[in-house]
Amino acid sequence: MMHKWTRSALAVAALTGTLSACNDYLTGPGISDNPNSPLNVGTAQLYQGIQLTQFVQHTGDLSRHTSMWTQQMAGIGNQYSGRDQYVVTEQDLAAWYNAIYTGGGLIDIREALSRTDAAGDRTFSGMLRVWEAYLMGESASLWGALPYSEAVKEEIATPKLDDQAEVYRAVQAVLDQAIADLQSGQGAGPGQVDLVHRGDRTRWLQAAQTLKARFYMHWVEAQNFTGTHNGKNVQAEANKACGGNCVQKALAAAQNGISTSANNFTSFQSTTAGGENLWYQFIYVFRQGQMVAGRHLVELMRTRNDPRLTQYFTPLASGQVVGAPPGGLGSTTGSLLGPRRGAPDFRQPMLTYAENQLIMAEANYRLGNTAAALTNLNNARTSEGLTAVSGLTGDALFREIMTEKYIALFQNIEAYNDYKRTCIPAVAPVGAAQAVIGRILYSDTERAANPNIPAPTNQPARNDNDPQACPRS
């Protein structure tokens, strides 16, 4: 019940316990404390909990599910073979919906912001606002309409659902404020408590701009769509979300975005037990035999002679990297994560220079700037250790941009958002399904507490910014 969840300093402990069924474990001082024991926690400690919770939220089970749905990975065991085939109920990912608000989510972010704003530490506030925007924008991309304007208000027992476009509009405003805060130079910020950039304002500013660009691009297809979807004028919703031309705004933001791979925004992981990369914990520790490489991604990379194939996956005894089809579908053989991606201390990329360049590439292509688009594409490729390409124009250039982005954003939820809007790559929906799953159902526990949450049968199959399902290939 969102409206009755209380602020618990380092309530990430409660979240970790809730998500233990998914085996996204984080332990350590202040994280594994009993949440029922009163704690007098400082802002820095509260921020530690927020960060760790957000690493789980953005690189844990949600990224695993979206990686299955884009066929980067394949679920071959237990519930993951079913979820790979879109058998997902309102209970299955309920903990992840609830975590938007509790246990290091929006409630704790707002509590920390009330402290840093009061202290005049705008540097710290700016970083917290980036986290809020990341959380709410990504959540809106997966669930659509969400409680936001009325959320985290104790006087409102049943917060309304804000339209998806309204959530995006509000998130862009939060990012604008975050940028202003960070540019002010006021306050010391979290310093070394910041696990992403150790308090570096410039890197946080660039992350905020890349995040703005990412969220603008989520509405490009909707802004070009004629007609209604979910009973709404889609173009009007896109105009609301972007406040103007989505492509132009994305390009303008990305031009100030992450400027080098050294400034990539990544999770923090270590070899300490409980602090390892969540994918490592899932595949090698807690859920062995349940997820392997996806056949579509493996064959695509093999066809392209992509050297990242053995960075992403480990060859089998045959010497070949092997991908399984969705749900296994009769096959339980597949490669596991490779020595780089599967390392316990691998810091999962969340916002990167490569993504920023590929956003610019797509935006420039859509604006008719072909030469600039090709330059941006090659900037991304060379940053990933690939050679530059030449001579691409028209649809071939666009498909190369989006295909490179699909590969570069391996294990990142954003690959799913890109697929939904561009239908690239042309993954075939599983079995008799007419389309890849388009959104996640709301939490059953939140629906029981808040009458504004519709029953599953009354929820849309796709969100407002996803007006047209990809055709079967």
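Trainee: What should I know before I start?

Mentor: Welcome! The model is predicted, so local features need pLDDT of at least 70 and side-chain atom pairs count only at pLDDT 80 or more, while totals for chains, interfaces and linings use all residues. Residues are numbered from 1 along each chain as its sequence is written, and side-chain values use heavy atoms, with hydrogens and water left out.

Trainee: At what angle do helix H8 and H9 pack?

Mentor: Helices (H or I, at least four residues) and strands (E, at least two) are DSSP runs, numbered from the N terminus. Axes are lines fitted to C-alpha atoms, for helices over the stretch in contact, and angles run from 0 to 180 degrees between N-to-C directions. Angles under 35 degrees count as roughly parallel, over 145 as roughly antiparallel, 65 to 115 as roughly perpendicular and the rest as oblique. Here helix H8 (residues 164–184) and H9 pack at about 160°, and their axes are 10 Å apart. H8 is therefore roughly antiparallel to H9.

Trainee: Which residues of H8 and H9 meet?

Mentor: Contact means heavy atoms within 4.5 Å. From H8, the residues include Tyr-168, Val-171, Leu-175 and Ile-179, and from H9 they include Trp-204, Leu-205, Ala-208 and Phe-215. For the classes, Ala, Val, Leu, Ile, Met, Phe, Trp, Tyr, Cys and Pro count as nonpolar, Asp, Glu, Lys and Arg as charged, and the others, Gly among them, as polar. On that scheme, the contact of H8 with H9 has eleven nonpolar, three polar and three charged residues.

Trainee: How do H9 and H16 pack?

Mentor: Helix H9 (residues 201–217) and helix H16 (residues 353–366) pack at about 45°, with axes 10 Å apart. That angle makes H9 oblique to H16. Thr-210, Ala-213, Arg-214 and Met-217 of H9 make the contact with Glu-355, Asn-356, Ile-359, Glu-362 and Arg-366 of H16. By class, three of these residues are nonpolar, two polar and four charged.

Trainee: Is Arg-214 buried or exposed?

Mentor: Buried means under 20% relative accessible area, exposed over 50%, and partly exposed in between (1.4 Å probe, protein chains only). Arg-214 has a relative accessible area of 1%, so it is buried. A polar contact is a pair of N or O atoms within 3.5 Å; within protein, one must be able to donate a hydrogen and the other to accept it, and residues adjacent in sequence count only if both atoms are side-chain atoms. The side chain of Arg-214 makes one with the side chain of Glu-355, at 2.8 Å. Beyond four places in sequence, Arg-214 also touches other residues, among them Tyr-134, Glu-138 and Asn-412.

Trainee: What is the handedness of the crossing of H17 and H18?

Mentor: A crossing is left-handed if the near helix is turned anticlockwise from the far one by less than a right angle, and right-handed if clockwise. The crossing of H17 and H18 is left-handed. Helix H17 (residues 370–383) and helix H18 (residues 394–408) pack at about 25°, with axes 11 Å apart. They are therefore roughly parallel to each other. The contact residues divide into five nonpolar, one polar and three charged.

Trainee: Where does Ser-67 lie, and what does its side chain reach?

Mentor: Ser-67 lies in helix H3 (residues 61–69), and its side chain reaches the backbone oxygen of Ser-63 at 2.8 Å. With a relative accessible area of 1%, Ser-67 is buried. Leaving aside neighbours within four places in sequence, Ser-67 contacts Gln-72, Met-73, Trp-279 and Gln-411.

Trainee: What stands out in the backbone?

Mentor: Most residues other than glycine have a negative phi, and most peptide bonds are trans. Gln-71, in the loop between H3 and strand E1 (73–75), has a phi near 60°, a positive value. At a relative accessible area of 8%, Gln-71 is buried. Cys-423 also has a positive phi, about 65°, and at 23% relative accessibility Cys-423 counts as partly exposed.

Trainee: Which residues does a cis peptide bond join?

Mentor: Ile-424 and Pro-425 are joined by one, with omega about 0°. Pro-425 sits in the loop between helix H19 (414–422) and helix H20 (444–449), and the place of Cys-423 is in the loop between H19 and H20.
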